[in-house]
Amino acid sequence: MDFAGFDMMQADNTDQDGSRGERKESGKRGRKPGRKAEKSDMRAKLAQQMVLERSRQSARECRARKKLRYQYLEELVADREKAVFALREELEKYSQMSKELAQNNIPQGMDDLLAEMGMTQAGNEAFDSKPSV
């Protein structure tokens with residue numbers, strides 16, 4: 001190939017103002033593969049934004065439900081702990097009374113306990129009498 005002829009071809013490829021007539025955009029003409037039209041792009045972006053917003057809203061609601069569930073469980077545990085402490089105190093009281101009864105001593109509060117159970121002195125008379133046959 002003759003390079004002298006190449007210079008001549010370049011000179012013929014200029015416009016009237018002296019600048020070279022080059023294409024402004026690179027690549028092939030026409031629609032590019034894998035590329036959607038602008039309206040479709042806008043719709044796709046809006047759809048994607050809607051999906052993301054729904055996802056964010058769902059996550060917010062999930063966190064709120066989780067927070068409520070943990071609050072409910074904490075309250076439930078606190079109530080059960082109070083009940084356990086009350087039962088332990090009652091068990092300790094009855095254990096102490098049992099030890100005193102084993103030593104043939106009448107513990108303090110025994111009258112109150114019997115009154116709560118409905119076993120008073122009048123109730124004991126019913127057990128003392130012999131049943132009629």
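**Salt bridges, helices and surface charge in a predicted model**

The structure is a predicted model, in which local features need pLDDT of at least 70 and side-chain atom pairs count only at pLDDT 80 or more, while totals for chains, interfaces and linings use all residues. Residues are numbered from 1 along each chain as its sequence is written, and side-chain values use heavy atoms, with hydrogens and water left out.

A search of the whole structure returns two salt bridges. In one, the closest N and O atoms of Glu-53 and Arg-60 are 3.2 Å apart; in the other, those of Glu-53 and Arg-56 are 3.6 Å apart. Glu-53 and Arg-56 both belong to helix α2 and are separated by three residues, about one turn of the helix. An α-helix has 3.6 residues a turn, so residues three or four places apart point the same way. Glu-53 is partly exposed at a relative accessible area of 39%, and Arg-56 is likewise classed as partly exposed, at 44%.

The secondary structure of the protein chain consists of four helices and zero strands, helices being DSSP runs of H or I with at least four residues and strands runs of E with at least two, numbered from the N terminus. Helix α2 spans residues 38-102, and its 65 residues reach 94 Å from the first C-alpha to the last, close to the 96 Å expected at 1.5 Å a residue, the expected span being 1.5 Å times one less than the number of residues. After α2 comes Asn-104, with a positive phi near 60°.

Of the 133 residues of the protein chain, 3% count as buried. The chain exposes about 13300 Å², of which carbon and sulfur atoms supply 54%, with accessible areas computed by the Shrake-Rupley method with a 1.4 Å probe.

Glu-90, Asp-111, Asp-112 and Glu-116 form a negative surface patch, where patches comprise residues with over 30% relative accessible area and no salt bridge, like charges being joined within 9 Å and nonpolar side chains (Val, Leu, Ile, Met, Phe, Trp, Tyr) within 5 Å. Helix α3 (residues 110-117) contributes the most to this patch, with three residues. Glu-116 lies in helix α3 and counts as exposed because its relative accessibility is 65%.

Terms used. Salt bridge = Lys/Arg side-chain N within 4 Å of Asp/Glu carboxyl O. Lys, Arg positive; Asp, Glu negative; His and termini not counted. Charge placed at Lys NZ, Arg CZ, Asp CG, Glu CD. Buried < 20%, exposed > 50% of the residue type's maximum accessible area, 1.4 Å probe, protein only.
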